[in-house]
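I opened this entry to keep track of what I looked up, starting with the fold and then going residue by residue.

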Amino acid sequence: MLTTKPMDFFRTLPPKQCSDCGDPIEEQAESYLMECDRCLSKKED
Ligand SMILES: [Zn+2]
């Protein structure tokens, strides 16, 4: 669900957020990741 208007989206790219807990995700090489390190490590367990 998009809550950001298209115009605003192009103006300011919002920081990526973890799809699980909502924490901001720092841009990394693994940019395809949708979850933060904490949630990812939880799943690997
Ligand atoms: Zn998370």
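I checked the secondary structure first: the protein chain has 2 helices and 0 strands. The model is a predicted one. I then looked up burial, and of the 45 residues of the chain, 2% count as buried.

Next I went to Pro15. I found Pro15 in the loop that runs between α1 (6-11) and α2 (37-44). Is Pro15 buried or exposed? Pro15 counts as exposed because it has 10 C-beta neighbours inside 10 Å, and the cut-off for exposed is 12 or fewer.

I moved on to Cys39, which sits in helix α2. I counted 18 other C-beta atoms within 10 Å of Cys39, so Cys39 is partly exposed; a buried residue would need 20 or more.

Which residues does Cys39 contact, leaving aside its neighbours within four places in sequence? I noted Cys18, Asp20 and Cys21. Last, I looked up Cys39 and Asp23, which are 16 residues apart in sequence and 9.8 Å apart in space, C-alpha to C-alpha.

Key:
Residues numbered from 1 in each chain as written. Predicted model: local features only at pLDDT ≥ 70, side-chain atom pairs only at ≥ 80, totals over all residues. Helix = DSSP H or I, 4+ residues; strand = E, 2+ residues; numbered from the N terminus. Contact = placed C-beta atoms within 7 Å.
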